[in-house]
Amino acid sequence: MEEKILNITICLGSSCFSRGNKDIVDAIQEYLEDIEMKEKTNFKGGHCFGNCAEGPIMIVNGKTFKSVNPETAITAIDSMLNA
Ligand code: FES
């Protein structure tokens, strides 16, 4: 089994959900396929991170990103991949 080098958790709590995280999940999945990182990524949903006012919240390899949208989510993943 290939080593997972990317850990992404996105908040799937109701507040983040109502702010459009479904689109973010779709965009991330598509992007991971495009860059052939799907097999190397641990992508999961989390419960409310207690930071709803700044949602949607996404955590990439331990770093928290706030108010993400599909574009900034992908920029964040890129920045962590190139860190
Ligand atoms: S619902 Fe996402 S931080 Fe609360």
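Figure 1. With 19 other C-beta atoms within 10 Å, Thr9 is partly exposed. By definition, a residue is buried if 20 or more other C-beta atoms lie within 10 Å of its own, exposed if 12 or fewer, and partly exposed in between, with C-beta atoms placed from the backbone. A distance of 12 Å separates the C-alpha atoms of Thr9 and Ile24, which are 15 residues apart along the chain. Because this is a predicted model, local features need pLDDT of at least 70 and side-chain atom pairs count only at pLDDT 80 or more, whereas totals for chains, interfaces and linings use all residues. Residue numbers start from 1 along each chain as its sequence is written.

**Figure 2. Pairing of strand E1 with E2 and E3.** Six bridges join E1 and E2 in the parallel sense, and Asn7 stands opposite Asn42 in E2. E1 and E3 run antiparallel and are joined by three bridges; here Ile10 stands opposite Met58 in E3. Strands are taken to pair if DSSP finds at least two bridges between them.

**Figure 3. Helix H2 and its buried face.** H2 comprises 14 residues (21–34), which at 1.5 Å a residue should span 20 Å; the end C-alpha atoms are 20 Å apart, in agreement. The expected span is 1.5 Å times one less than the number of residues. Asn21, Ile24, Val25 and Ile28 are the buried residues of H2. Seen down the axis of H2, these buried residues fall within an arc of 100°, so they line one face of the helix; the arc is that of the directions from the helix axis to the C-beta atoms. Among the elements covering them are strand E1 (6–11), helix H1 (14–18), strand E2 (41–46) and helix H3 (70–81). Asp26, Glu33 and Asp34, on the other side of H2, are exposed.

**Figure 4. The largest nonpolar core.** This core has 15 residues, of which Ile8, Ile10, Ile24, Ile28, Met58 and Ala73 touch the most other members. E1, H2, strand E3 (58–60) and H3 each give two or more residues to the core. A nonpolar core is a set of buried Ala, Val, Leu, Ile, Met, Phe, Trp, Tyr and Cys residues joined through C-beta atoms within 7 Å. Leaving aside neighbours within four places in sequence, Ala73 is in contact with Ile24, Ala27, Ile28, Met58 and Val68.

**Figure 5. Backbone geometry at Glu36, Pro56 and Asn61.** Most residues other than glycine have a negative phi, and most peptide bonds are trans. Glu36, in the loop between H2 and E2, has a positive phi of about 55° although it is not a glycine. With 8 C-beta neighbours inside 10 Å, Glu36 counts as exposed. Asn61 lies in the loop between E3 and strand E4 (63–65), and its phi is also positive, near 45°. Asn61 is partly exposed, with 14 other C-beta atoms within 10 Å. In the loop between E2 and E3, which holds Pro56, a cis peptide bond joins Gly55 and Pro56, with omega about -10°.

Methods:
Helices (H or I, at least four residues) and strands (E, at least two) are DSSP runs, numbered from the N terminus. Two residues are in contact if their C-beta atoms, placed from the backbone, lie within 7 Å.
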